[in-house]
Amino acid sequence: MIASIKLKMASGAHAGANTSVSEIMTQVMLAIAPATVLGIFCFGWPALNLFVITVLSALLFEAFCLRLAGRLAKPVLMDGSAILTGWLVAMTLPPWAPWWIGVVGSGIAIILGKQVYGGLGQNLFNPAMLARVALLISFPIEMTTWANVAPLFSSHAPNLAESWAITFSGIGSFGPVDATTGATTLGFVKTEFSQNRVLPDILKDYSGMLDVIGWTRGSLGETSSLLLGLGGIWLIRKGVIQWHIPVALLATVTVLSSLFHWSDSQHYLSPFVHLNSGALMCVAFFIATDYVTSPNTPAGQLVFGAGCGLLVFVIRTWGAYPEGTGFAVLLMNSATPLIDYYIKPRIYGRNRNGKPIETGHIKQERKP
Amino acid sequence: MLNLFGSKRIRGGVHAEEHKSLTSAQAIATDFPLPKRLYIPVQQHVGKPAEPVIKVGEQVLKGQLLAHSQGMVSAPVHAPSSGIIIDVNEYPAPHPSALPIRTIVLETDGNDKWLESILVADPFTLSPEDISLRVGAAGIVGMGGATFPTAVKLNMGRENKIHTLLINGAECEPYLTCDDRLMQERAEQIIDGVRIMLHGMEAGDAIVAIEDNKPEAFAAMLTAALPYPFISVRQIPTRYPMGWDRQLIRYITGLEVPVGSSSSEIGVTIHNVGTAYAVHNAIRHGQALVSRIVTVSGGAVIKPVNVEVPLGTLISDLFNFCHVRPDITARIIMGGPMMGDSLPHINLPVVKATSGILALTQSELKSADEQPCIRCARCVSVCPAGLLPLDMANNIRNNQLDAAVDLGLKDCISCGTCSYVCPSNIPLVHYFKYASGEVMARQQAQHKSEQTKRLMDDRNARMERIARQQQEEEAARLAAKAERERKKAEQGEAA
């Protein structure tokens, strides 16, 4: 009876924690879902079109690459990483951008950002940020045309048919571009600074609360610092991401902007505007924390997060672009191998140089 | 910022699903039917195998010496019951390989009759050296699974003049509850063993550390230790691998044991609660280590229980006793599910290291569906040794073993925490075990080739020397001959 047992041999651990790659991806998607839903609600059907097109094309590009590599596509598609990449690309796009922006973005992210390196876990740069930066440089007009908030079902929102026209023939098909679009907070401030205006004057109509909630012009899924922040905190509580990168990143931006704002409030934005504008919250919790492209150790992650924060502040304040998160993350991605090389955990019983630690034990006198 | 890794007392670890309630509430079963045959390997410890001192056909009593320890680090084995020796031969070892190991087979006579021994009235009148000798003669080894000969450790503690004896009652492996039950039921005997060990090492204080998921065991040990102010009993957080000796030492003392040193060099020695119990039996009752408590548990076990069995009992006998369902058994493990070894079959004996035998169903096992590493670094944050499992595994996969060694491969304790948390189901520990074996094999091969080269060089030098000597002798001979002829000629001329 007992000889008939079929046994599989293996090394430990024989038991395992119940997490899988697809589960992690699903949890991240759940965390970004509220901000995405709000974005789609605020910017209506064209935003939904763009979202669906971007995610679907990410899946198609992934399947295409896998086929080229002679691998079975289905099990890899099921891990959820391609959907998540497409989703994150969509979140960074102007909500009324034409369909091909979404397709090209997904193509850059999946093919150039991920599969050319060998697929999941191999890439040096965050695929979504690579797509964002490549699109911004290649198609600056499309990538900086920001639709006004026009919530679904409201009177001035495009209906389904009009939304198809916006997605496939451009914003101009819906009406005069000047009437349907405008500037983001950061973009507006940058332009007005160049007109030699100063801050209290520039921001006299600024409503901070709208930027916190997300009722403002911006990328499809990046407008609500509140929902993104809550989603991020949920991920930290779930143990999906560690706190080190978001905290270091946001703290660095806060400290730097506070110092400069405090010394010259006419020319430097307050930390409140910095934290609640642009892609900062999205990047801090969902992009910079990308496992593959960020350091492995807590100390390394603090350095990485602080580096991202510093670059974001520098680019926003003195750079040519109003928003610098994409560049900041890519630059720090390139520093990740270096950070991991220099910041390693100390091994038990060894000092930082790898030598055995000194013992402080002095042999006791024998007790009488 | 770098101090993030500095002075923390617990590093890494996981809170694994415990599964301890399967067996923790039932008393240790002592009604295990004496097996007809016991298979006693001569090596159940770290060190040299013991050498049999009995002959086939010889009648032995329970506790009688069967094989004598060899050399400095070794331990003897004794008859787990009375009966006749029917074979001394090679039988499969309780190891994943099940390779043959020299084994003494004892056919029991059913009397279970102990060998008479002379007892000491008061062990504290014995000299510490005598305690070590008696513990060594009783065949006691580390009962937590490390199986290092206890007497050697007592001597090291004495020589290094340790100040603290740590008693490991963490039992951090899931499923296992043999130490838990032992502490609940036999706390006084354990504490007595601790006192004897303190005497044997001439150490002052002892600290018993018990994970806080065992409140009953903690209470029992606390009560038993009450009369002895130099023995404190402490609760420690439940976090695998808290029972790793060096993790426990860091948690209790705040000190780390330097790599390459033994803990006694920082003034601490650590022993398992089971070892203390065995020391009590050896010194107070003159009983050699011939049985142990084994947790038999897992989803395929109908009657999971802790059971005291004679060493050499076959796992198949244990499984009959506990009613294991073969149809749903997917893996059999000796030890716990984190560090235990999977066994190829069950005709293998229980040895001194066998803290548990698990029969796990498929749903209790980690998925074998390996996916690419997503560099989530969970393995880095849980590693208690401070290693980078993901980078090590990557290097090993690319056959860059030296790079893996540089990252600390040799400091890996195979605790399995990294494999446990990996969401991509990468068998990290498997990589590390493979690489360690490979590195050792390469070093041996290199050593061998160096040895061969040295021998070759020696031989060449020797041959050269001989050739030179011959040449010189030849030259000398020729010179002598020429001299002789010259003299001869001179003589001829003169004549």
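## Helix α9 of chain A

In this predicted model, helix α9 of chain A spans residues 185-194, and T185(A), L186(A) and V189(A) are buried in it. These residues lie on the same side of α9(A), because they cover an arc of only 95 degrees around the axis. An α-helix has 3.6 residues a turn, so residues three or four places apart point the same way.

Just after α9(A) comes N196(A), with a positive phi of about 65 degrees.

## Where the chains meet

The contact between the chains draws 45 residues from chain A and 69 residues from chain B. On the side of chain A that touches chain B, α1 (21-68) and α16 each supply at least two residues. The largest share of that side, three residues, is from α16(A). By type, the residues of the side of chain A that touches chain B are 22 nonpolar, 15 polar and eight charged.

For the complex, the predictor gives an ipTM of 0.89 and a pTM of 0.89.

## Chain B as a whole

Chain B contains 13 helices and 16 strands. Its C-alpha atoms fill a box of roughly 120 × 60 × 50 Å along the principal axes. Of the 495 residues in chain B, 53% are buried. Among the contacts in chain B with a separation of 6 or more, 74% join residues 24 or more positions apart.

The mean pLDDT of chain B is 93, with 98% of its residues at 70 or more. Residues 1-7 of chain B stay under 50, and the model has nine contacts for them beyond four places in sequence. Where pLDDT is low, the predicted coordinates should not be read in detail.

## An open sheet in chain B

Four strands of chain B form an open sheet, in the order β1-β7-β6-β3, with antiparallel pairing. The edges are held by β1 (37-41) and β3 (59-60) of chain B; each has a single partner strand, so one side of each is left without a neighbour in the sheet.

Strand β6 (residues 83-92) of chain B runs antiparallel to strand β7 (residues 100-108) of chain B, and nine bridges join them. In this pairing, I84(B) stands opposite E107(B) of β7(B).

## Nonpolar cores

The largest nonpolar core has 239 residues, and those that touch the most other members are I167(B), V194(B), V208(B), I210(B), M221(B) and C379(B). The largest share of this core, 18 residues, comes from α1(A).

Beyond its neighbours within four places in sequence, V208(B) contacts I167(B), G169(B), M221(B), A225(B), I231(B), V233(B) and R234(B). A second, separate core has five residues, among them L186(A), V189(A), L269(A) and V273(A). Of these, L186(A) and V189(A) are also among the buried residues of α9(A).

## R195 of chain B

R195(B) sits in helix α4 of chain B, which covers residues 187-201. R195(B) counts as buried because it has 23 C-beta neighbours inside 10 Å, where the cut-off is 20 or more. From R195(B) to A330(B) the separation is 135 residues in sequence and 43 Å in space, C-alpha to C-alpha.

Note on methods
Residues numbered from 1 in each chain as written. Chains lettered and ligands numbered in written order. Predicted model: local features only at pLDDT ≥ 70, side-chain atom pairs only at ≥ 80, totals over all residues. Buried ≥ 20, exposed ≤ 12 C-beta atoms within 10 Å, placed from the backbone. Arc of directions from axis to C-beta. Contact = placed C-beta atoms within 7 Å. Nonpolar A, V, L, I, M, F, W, Y, C, P; charged D, E, K, R; others polar. Pairing = 2+ DSSP bridges. pLDDT = per-residue confidence, 0-100. Core = buried A, V, L, I, M, F, W, Y, C linked by C-beta atoms within 7 Å.
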